[in-house]
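Here is a short briefing to read alongside the model. Please keep the sequence and the 3D view open as you go.

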Amino acid sequence: MIRRTYLSRLETSEARRIIKERTGYSIKSSIILNQVFRRSSFAAETGQNSNEIFEFIGDQVLSYYVVKIVSKRCGSLSFTDDYTFRIRENRFTQIKQALVNNEALSKIVDEWDIAKYLLLGSSDIKNEVDKESKVKADLFEAIIGAIAIESEWDSEILENAVLKALNIDEKITDMIESDIMVRFFDIDNAVTTLKETAESGQCTMPEYEFVGPEHIGYDSDGNPKWICTSSLINDKAGITRQVLASSKKDAKKATAYLILCEHFGVQNKYGPNDWFVSWIYKNGELLPDRKSNVELCKN
């Protein structure tokens with residue numbers, strides 16, 4: 001059975017209350033509010049405008065403000081004025097998608113218990129489309145789009161509505177907890193940090209191979225030479241680093257540190273940020289072993 005042309009006064013009031021409670025904004029116009037719930041099938045049968053334009057606008061608003069909010073929460077300018085991110089860039093897309101995909105938005109609409117106000121055409125009623133995730137996600141986008149139009153694109157209202165409706169802060173915390181760029185990792189805690197990174201599933205567990213002074217001797221100051229080589233695979237590629245140091249421990253922790261830098265895309269704070277496989281760790285500096293790298297390239 002096709003519903004009447006508009007929501008009842010009680011339904012309109014209840015839908016308005018729910019939207020205000022969940023977004024912080026009250027859609028004042030009953031005409032706009034009714035259009036939010038009007039599916040295209042119903043609009044075609046009644047000669048009215050559907051909610052599709054609101055869906056389109058809402059989709060764009062969600063995309064913009066989710067990116068903005070996540071950037072504000074996870075990014076900052078460093079003391080060198082570089083923009084740095086607490087999570088890997090490829091995770092940004094994953095987090096955004098997790099926040100606004102059809103299943104996520106549909107779940108929110110279910111929690112609001114608001115899909116029951118959809119105005120459906122006969123074909124939609126027959127096919128029970130109001131139970132489909134895509135239809136409920138479209139409704140969520142239409143609500144956001146309507147808020148944008150009625151508020152005349154008020155940025156504060158829109159950002160707050162998206163933040164509140166998606167419960168972004170809580171979800172971001174859960175999503176990035178195991179994927180935070182550990183800005184405070186350094187060469188001394190690198191081995192432990194890399195192990196924890198692997199245990200969280202971000203990469204394979206590193207294995208370390210060593211060559212000691214019994215094979216490569218001592219430097220001109222009489223210090224033993226140790227070379228550590230390690231490789232792992234993350235979701236982007238394989239990473240291999242090799243470090244020459246005066247102790248087995250230093251070689252291992254410097255190797256782990258360089259792998260972390262490459263994995264997270266952060267800068268080497270003990271020397272240059274060039275891409276090399278072989279490095280030397282000496283007197284607190286971590287520098288490319290250019291001679292060894294040339295030999296590696298030849299091979």
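In this predicted model, helix 6 (residues 102-112) packs against helix 8 (residues 133-150), with axes that come within 7 Å. On the helix 6 side the contact involves Asn102, Glu103, Leu105, Ser106, Ile108, Val109, Asp110 and Trp112, and on the helix 8 side Ser133, Lys134, Lys136, Ala137, Leu139, Phe140, Glu141 and Ile143. Contact here means heavy atoms within 4.5 Å. Helices (H or I, at least four residues) and strands (E, at least two) are DSSP runs, numbered from the N terminus.

**How helix 6 meets helix 8**

- By class, the contact of helix 6 with helix 8 has eight nonpolar, three polar and five charged residues; Ala, Val, Leu, Ile, Met, Phe, Trp, Tyr, Cys and Pro count as nonpolar, Asp, Glu, Lys and Arg as charged, and the others, Gly among them, as polar.
- The two axes cross at roughly 75 degrees, and that makes helix 6 roughly perpendicular to helix 8.
- Axes are lines fitted to C-alpha atoms, for helices over the stretch in contact, and angles run from 0 to 180 degrees between N-to-C directions.
- Angles under 35 degrees count as roughly parallel, over 145 as roughly antiparallel, 65 to 115 as roughly perpendicular and the rest as oblique.

**The model and its confidence**

- Residues are numbered from 1 along each chain as its sequence is written, and side-chain values use heavy atoms, with hydrogens and water left out.
- Because this is a predicted model, local features need pLDDT of at least 70 and side-chain atom pairs count only at pLDDT 80 or more, while totals for chains, interfaces and linings use all residues.
- The protein averages a pLDDT (the predictor's confidence in each residue, from 0 to 100) of 87, and 86% of the residues score at least 70.
- Confidence is highest in helix 8, at a mean of 98, and lowest in helix 14 (residues 290-298), at 55.
- Where pLDDT is low, the predicted coordinates should not be read in detail.

**Overall make-up**

- The secondary structure comes to 14 helices and seven strands.
- Of the 299 residues, 45% count as buried; buried means under 20% relative accessible area, exposed over 50%, and partly exposed in between (1.4 Å probe, protein chains only).
- Among contacts with a separation of 6 or more, 59% are between residues 24 or more positions apart.

**Salt bridges**

- The structure holds 14 salt bridges, each a side-chain nitrogen of Lys or Arg within 4 Å of a carboxyl oxygen of Asp or Glu.
- Side chains of opposite charge can pair when their charged atoms come close.
- In helix 8, Lys134 and Asp138 form a salt bridge at 2.9 Å, N to O, and being four residues apart they are separated by about one helical turn.
- Lys134 is partly exposed at 43% relative accessibility, whereas Asp138 is buried at 7%.
- Elsewhere, salt bridges that share partners join Glu14, Arg17, Glu21 and Arg22 into one network.
- Within that group, Glu21 pairs with Arg17 at 3.0 Å, N to O, and with Arg22 at 3.9 Å, N to O.
- Glu21 and Arg17 both lie in helix 1 (residues 9-23), four residues apart, about one turn of the helix.
- Glu21 is partly exposed at 46% relative accessibility, as are Arg17 at 40% and Arg22 at 29%.

**Buried residues to look at**

- Cys228 is found in strand 4 (residues 226-233) and is buried, at 0% relative accessibility.
- Leaving out residues up to four places away in sequence, Cys228 touches Tyr208, Glu209, Phe210, Arg241, Gln242, Val243, Ala251, Lys252 and Thr255.
- The C-alpha atoms of Cys228 and Phe210 are separated by 4.6 Å, although these residues are 18 residues apart along the chain.
- Trp279, in strand 6 (residues 278-282), is buried at 3% relative accessibility.
- Arg241 is 38 residues from Trp279 in sequence and 7.7 Å from it in space, C-alpha to C-alpha.
- Thr197 lies in helix 11 (residues 190-199) and counts as buried, at 5% relative accessibility.
- Apart from neighbours within four places in sequence, Thr197 is in contact with Gln202, Cys203, Leu260, His263 and Phe264.
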